Protein chains: 2
Amino acid sequence: MTQQQPVLALDVGGTKLAAGVVARDGTIQSYCQIETAVGEGPTAVVKRLLDLGEQAAIEAGWSGRGSAGAVEAGGSSRGAAEVPLAAVGVGCGGPLDPATGVILGPPGLPGWDAVPLGALVAERFGLPTYVENDATAAALGEYRWSGWGVENLVYLTVSTGFGGGIVASGKLFQGAARQGGELGHVVVDWQGRQCGCGARGCAEAYVSGTSIARRAAEAVAGSDSTLAGLAITAKDVADHARAGDPIARAVWDETTAMLGRMVAVIINVCEPELVVLGGGVTRAGAQLLDPVREAALRQAMPPAAAACDVVLSRHGEAVGVLGAAAIAYERLGES
Amino acid sequence: MTQQQPVLALDVGGTKLAAGVVARDGTIQSYCQIETAVGEGPTAVVKRLLDLGEQAAIEAGWSGRGSAGAVEAGGSSRGAAEVPLAAVGVGCGGPLDPATGVILGPPGLPGWDAVPLGALVAERFGLPTYVENDATAAALGEYRWSGWGVENLVYLTVSTGFGGGIVASGKLFQGAARQGGELGHVVVDWQGRQCGCGARGCAEAYVSGTSIARRAAEAVAGSDSTLAGLAITAKDVADHARAGDPIARAVWDETTAMLGRMVAVIINVCEPELVVLGGGVTRAGAQLLDPVREAALRQAMPPAAAACDVVLSRHGEAVGVLGAAAIAYERLGES
């Protein structure tokens with residue numbers, strides 16, 4: 001019976017929270033999204049996340065607590081669901097502990113130290129709950145439901161933060177520390193900018209949406225850039241670069257050059273067939289992809305580059321929810 | 001019967017050639033080593049490599065061409081071996097094609113473009129021959145015969161060149177391009193020194209023996225360093241740094257700092273239980289290991305660092321031969 005049950009998927013980003021019900025074939029049956037408002041702190045944000053998940057579940061026809069199986073097992077008569085859910089998958093910025101579902105102070109979620117997110121979700125929905133690094137989860141979603149036709153891919157999210165996940169030989173890479181690869185913390189400039197992780201020169205300190213905006217603000221200070229006076233976002237940098245502002249253009253070009261170099265490193269180390277770029281910053285489309293792809297494939301070692309391509313995710317904003325759903329199906333062992 | 005047969009292992013480095021006969025339990029039954037003299041070009045070097053392999057085989061009791069099985073299959077009466085060999089494993093600098101045994105122009109072996117090394121070795125010894133990137137092979141040797149007791153390790157060789165290999169969940173990582181990870185081409189300084197691969201700022205451009213010597217020569221020029229006037233090697237840099245020469249010390253400290261940062265990247269991306277450092281430059285011992293280990297574990301993401309340690313290989317110069325032998329056993333499918 002659980003073969004037919006969809007899962008609820010929750011995506012906790014530094015900028016937005018998303019929730020959706022996802023069927024086994026990757027069909028998104030409901031989707032809701034709100035701002036994270038990370039400044040409110042973990043207690044308030046988690047409460048809104050849980051409410052959002054319930055809203056998504058109800059929109060998909062769910063009418064109560066727990067799956068049919070869980071309700072029977074518990075002996076409760078409450079919530080005989082019209083559309084029982086099999087589980088909840090949660091994607092969240094890392095580091096976190098997938099075994100316990102505890103969030104371990106991600107740079108993009110200030111104050112989220114030792115937040116027992118998995119337990120809080122499981123308690124609210126009465127369902128088996130599986131927590132994974134959001135970018136790691138998204139890699140599995142890309143593998144499972146994007147039709148790329150490859151067994152080896154790396155997914156990189158250029159979002160509020162910057163991270164990624166690895167699928168090798170059709171399996172999600174976990175690693176000894178079960179972080180699934182901290183790809184945002186590939187160094188590109190060993191004595192460069194301070195990264196939120198404490199080290200210097202990580203890619204995340206340059207190419208995350210936050211870092212792009214911060215670098216632009218520094219570059220614009222005291223200049224006549226069209227960005228001057230704005231509360232600059234990465235989207236502003238892309239837009240003003242496209243419109244011809246030289247300072248926005250310089251910041252954007254450095255971003256794509258550095259991301260291209262970082263992707264070349266990933267191609268060299270992981271030798272995937274595909275590097276998939278997703279996350280909010282990739283809404284810039286070809287303005288991002290073309291220079292990154294060119295730089296990455298030119299600078300990677302020739303045999304590794306020849307075996308690989310660099311593309312944009314086809315899933316847009318839903319990539320996080322699909323990833324969290326893929327984790328739920330994977331952990332349920334039904335794949 | 002092949003269960004008891006040892007393998008011949010050949011190790012092609014930019015500085016030395018090594019050959020040995022290795023039993024299934026990792027016992028080295030014979031070992032020979034000569035200088036590569038890479039300037040002589042591939043034809044002359046390969047001939048000396050084959051002679052060296054024959055010498056190692058004969059020292060281990062081999063008395064003729066081909067294994068017992070191969071001789072029977074070929075119908076030849078020549079070489080009824082007292083100690084039949086099961087196969088030949090060859091480790092060589094990459095890029096190369098493990099499927100065909102063709103060497104594809106490694107930076108450390110100038111002129112080795114499209115050298116059919118596997119075919120040449122197979123022809124000489126009349127044995128199944130398996131070619132692999134030397135550092136990739138060494139990772140498997142470390143996994144198989146070092147008693148580390150881990151299932152996930154990364155081996156990095158700091159030798160004439162700089163490279164590495166990955167064992168994940170007890171399996172040698174191959175990659176879509178079958179290069180096993182081009183770990184020497186992890187970038188540390190994206191606009192930095194030109195690397196032999198064509199890109200800028202790869203770790204190999206800083207921490208290989210060749211690069212350490214070159215950086216020292218640049219730093220010493222016009223100075224009163226005790227290194228002045230020497231044809232500087234990486235060993236000289238280590239020795240003079242230990243003796244207190246400030247310029248040698250600065251070059252060495254930058255080397256260990258940069259290698260430490262690179263190892264932190266490897267810990268972040270690959271999340272191994274162990275990073276094993278080998279190769280000629282690691283003969284510096286604690287002078288290399290201590291600062292590299294400290295920097296790597298301090299700068300890697302805390303969960304990944306907590307799951308990992310950084311150590312020196314226990315095999316010294318024989319690590320290349322053991323790696324090549326491990327590849328032979330692996331490919332024979334007897335592991």
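In this predicted model, chain A holds an open sheet of 5 strands in the order β11-β10-β9-β12-β13, and the pairing in that sheet is mixed. The strands at its edges are β11 (171-172) and β13 (309-312) of chain A, each of which pairs on one side only. Inside the sheet, strand β9 (residues 153-158) of chain A runs antiparallel to strand β10 (residues 162-168) of chain A, and 6 bridges hold the pairing. One place to look at this pairing is Thr157(A), whose bridge partner in β10(A) is Gly163(A). As a reminder, strands of a sheet pair through backbone hydrogen bonds, either parallel or antiparallel.

A few backbone details are worth a look. Most residues other than glycine have a negative phi, and most peptide bonds are trans. Against that background, Ala114(A) has a positive phi, near 60°, although the residue is not a glycine. Ala114(A) sits in strand β7 (residues 113-115) of chain A. Then there is the bond between Gly94(A) and Pro95(A), a cis peptide with omega at about 5°. Pro95(A) belongs to the loop between β4 (88-92) and β5 (96-97) of chain A. Chain B has a cis peptide bond from Gly94(B) to Pro95(B), with omega near 5°, and Pro95(B) is placed in the loop between β4 (88-92) and β5 of chain B.

That β5 of chain B is part of an open sheet of 3 strands, ordered β5-β6-β7 (chain B), with antiparallel pairing. Its edge strands are β5 (96-97) and β7 (113-115) of chain B, each pairing on one side only. Strand β6 (residues 102-104) of chain B is joined to β7(B) by 2 bridges, the two strands running antiparallel. Within this pairing, Ile103(B) stands opposite Val115(B) of β7(B).

Turning to the domains, chain A is assigned a domain 1 (7-140 + 319-332) and a domain 2 (147-313). The C-alpha centres of domain 1 and domain 2 of chain A are 27 Å apart. Where the two meet, 17 residues of domain 1 of chain A contact 18 residues of domain 2 of chain A. Together, domain 1 and domain 2 of chain A bury about 1300 Å², and 57% of that area is on carbon and sulfur atoms. On the domain 1 side, Ala135(A), Thr136(A) and Ala139(A) provide 33% of the area buried against domain 2 of chain A, more than any other three residues. Between the two domains of chain A there are 0 salt bridges, and 2 residue pairs are in polar contact, both residues at pLDDT 80 or more. The elements that each give at least two residues to the side of domain 1 of chain A touching domain 2 of chain A are β8 (129-133), α4 (134-145) and α11 (319-332) of chain A. Of that side, α4(A) gives the largest share, with 5 residues. By type, the side of domain 1 of chain A that touches domain 2 of chain A has 11 nonpolar, 4 polar and 2 charged residues.

The contact between the chains takes 39 residues from chain B and 39 residues from chain A. Chain B and chain A bury about 3400 Å² between them, with 68% coming from carbon and sulfur atoms. On the chain B side, Trp190(B), Glu271(B) and Met301(B) lose the most area to chain A, together 24% of what that side buries. The count of salt bridges between chain B and chain A is 0, while 20 residue pairs are in polar contact across the interface, both residues at pLDDT 80 or more. Two or more residues of the side of chain B that touches chain A come from α8 (246-270) and likewise from α10 (302-306) of chain B. The largest share of this side, 8 residues, belongs to α8(B). In make-up, the side of chain B that touches chain A splits into 23 nonpolar, 8 polar and 8 charged residues.

Definitions and conventions. Residues numbered from 1 in each chain as written. Chains lettered and ligands numbered in written order. Predicted model: local features only at pLDDT ≥ 70, side-chain atom pairs only at ≥ 80, totals over all residues. Heavy atoms only, no water. Domains from an automatic or database assignment. Contact = heavy atoms within 4.5 Å. Buried area = accessible area lost by both parts, 1.4 Å probe. Salt bridge = Lys/Arg side-chain N within 4 Å of Asp/Glu carboxyl O. Polar contact = N/O pair within 3.5 Å; in protein donor to acceptor, adjacent residues only side chain to side chain. Helix = DSSP H or I, 4+ residues; strand = E, 2+ residues; numbered from the N terminus. Nonpolar A, V, L, I, M, F, W, Y, C, P; charged D, E, K, R; others polar. Pairing = 2+ DSSP bridges.
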